[in-house]
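Q: Could you walk me through how to read this model, one feature at a time?
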Amino acid sequence: PELTGRIDNIDNDVNDAILLLDEDGIITALNEDRTLRIWLRRQTGKYWPSVCNTLESSPTSLYYYDASRLLFCGSDAGLIYEFTVAEDYNKITLNQTYSGHPARIQAVHYSSVNNLLLSVSRGKKFHWYSTQNGRLMGTYDLDSWGMAIQFDELTKHCFIGDFGGNISFLKLNDSNCQLITTLSGHTGSIQTLLWEPDAEWLFSGSFDNTVILWEIGTNQGRAIELNGHADRIVGLSYDSPAKILLTCSTDGNIGIWPTNIKRNETPKWLESDICQICKSPFFWNVKAMWQQKQIGLRQHHCRKCGKAICAPCSKNRTTMPLLGYEIAQRVCSECEKTMKSDETVPLASFHDAKHGIIKTDYVSKKKMFITVGTDRTIKIWDLSSVV
């Protein structure tokens, strides 16, 4: 990726940031001074604020709809503000305020087709509002904090990732919603979600450093893990024409994943009281330890076949890109013998943004990508050479 610009020395922590589609600019939500700012690139190449609007409480999450210039902003006090952005990006006008959440807004999503505003908060609530009159249309109780929202405009299916690591798959109606199923596969909280309507794929990024591709549209229940990051996932973007998934983790690594490759689903881990290769007992199998007169071993799992194995039978580590493992993983001695060299050829690439990252955004039309850093710096990248 080519670094084409940056905003340095921001005097606040940036809670969220969005790239503008038809202008070289960025909308930010800043924490300490509670401001919404629109930064435009000047002739000097530097970005300067054209709007600086102070709210009653800190803005926490943003959603901007370019076609109608509507900007939605969740806040730390549980309120959601709706603004209209002027054509020259030098002014924003407050249209209405949505209330009902008792705690900090974690994510907002606007559906222009259905005139709906969706939101989740730390109050374990999912709300949806009519944007025509600002009325709260319905609410749904979550098991833990809602962290991310994605919505399918045509089917009115809603996906909510929560702090417990689960994704609620809901069918939204006018005044109620139905839980279709719960997608469970992560061992850490959901940090970000991404819905790709053409392929009917849902991507989820988690605190457990993994991304899962849920093939919703196939009705086969396939879930493909993508393991290539060493820190929690904070950004997911998709370039539909190029069939490329962009991932980002807090350690500053940007992942480029081609999705037009047929990947294999990771195997389920088997359970056993003994190693399924050498038959040595695991440490909880007291009877077998006594009979074999040996100390029990710790249980591990082969990432290729899923067998329960001991450490001596799984000394090898290798990458398995077709299973989504771009980082070397544990494999058993039997699988190691049968693996071919072409099974370890990398399919994804990774690039260092050289700062810790908390948020990202991507505009496919312009191939522009931003990373929001823990160093209070926003970097603007041109991805046309890699996407």
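Q: Is Tyr65 buried, partly exposed or exposed?
A: Buried means under 20% relative accessible area and exposed means over 50%. This is a predicted model, and in it Tyr65 has 27% relative accessibility, so it counts as partly exposed.

Q: Where in the chain do Tyr65 and Tyr110 lie?
A: Tyr65 belongs to strand β6 and Tyr110 to strand β10 (residues 105-111). The two are 45 residues apart in sequence, so the pair ties those parts together.

Q: How many aromatic pairs does a search of the whole structure find?
A: The count is 12. Another one of these pairs is Trp145 with Phe163: the ring centres are 5.1 Å apart and the planes sit at 50°, so this pair is tilted. Trp145 is in the loop between β13 (136-141) and β14 (146-151), while Phe163 is in the loop between β15 (157-162) and β16 (166-172). That puts them 18 residues apart, and the pair links distant parts of the chain. Trp145 counts as partly exposed at 28% relative accessibility, and Phe163 is partly exposed too, at 45%.

Q: Now the nonpolar cores. Which residues of the largest one touch the most other members?
A: A core here is a set of buried nonpolar residues joined through side-chain atoms within 4.5 Å. The largest has 18 residues, and Leu36, Ile38, Leu62, Tyr64 and Leu71 touch the most other members. At least two residues of this core come from each of β3, β4 (35-41), β6, β7 and β8 (80-85).

Q: What is Ile38 in contact with, leaving aside its neighbours within four places in sequence?
A: Its partners include Leu20, Ile26, Ile27, Trp48, Val51, Val85, Tyr89 and Ile92. There's also a second, separate core of 16 residues, with Trp128, Phe151, Ile160 and Leu170 among them.

Q: How do I read a sheet, and what is the strand order in the open sheet of four strands?
A: Strands of a sheet pair through backbone hydrogen bonds, either parallel or antiparallel. Here the order is β2-β3-β4-β5, with antiparallel pairing. β2 (14-19) and β5 (47-54) are the edge strands, each pairing on one side only. From one strand to the next, the twist averages 20°. Zooming in, β2 and β3 (residues 25-30) pair over five bridges, and Ile18 has Ile27 in β3 as its bridge partner.

Q: What about backbone angles: where does Arg69 sit, and what is its phi?
A: Check for positive phi in a residue other than glycine. Arg69 has one, near 60°, and its place is the loop between β6 (59-65) and β7 (70-75). Lys124 also has a positive phi, about 60°, and lies in the loop between β11 (116-121) and β12 (125-130). Arg69 is buried at 18% relative accessible area, whereas Lys124 is partly exposed at 39%.

Q: Which residues does the UniProt annotation "repeat: WD" cover?
A: The unreviewed UniProt entry gives residues 183-224, 226-257 and 350-387. In the model, residues 183-224 are 0% helix and 52% strand, with end C-alpha atoms 13 Å apart. For residues 226-257, the values are 0% helix and 59% strand, and the end C-alpha atoms lie 9 Å apart.

Definitions and conventions
Residues are numbered from 1 along each chain as its sequence is written. This is a predicted model: local features need pLDDT of at least 70, side-chain atom pairs count only at pLDDT 80 or more; totals for chains, interfaces and linings use all residues. Side-chain values use heavy atoms; hydrogens and water are left out. Two strands pair if DSSP finds at least two bridges between them. Axes are lines fitted to C-alpha atoms, for helices over the stretch in contact, and angles run from 0 to 180 degrees between N-to-C directions. UniProt positions are given in the numbering used here, feature names are shortened, and annotations may be inferred rather than shown by experiment. Buried means under 20% relative accessible area, exposed over 50%, partly exposed in between (1.4 Å probe, protein chains only). Contact means heavy atoms within 4.5 Å. Rings of Phe, Tyr and Trp (its six-membered ring) pair if their centres lie within 6.5 Å; planes under 30 degrees apart count as stacked, over 60 as edge-to-face and the rest as tilted.
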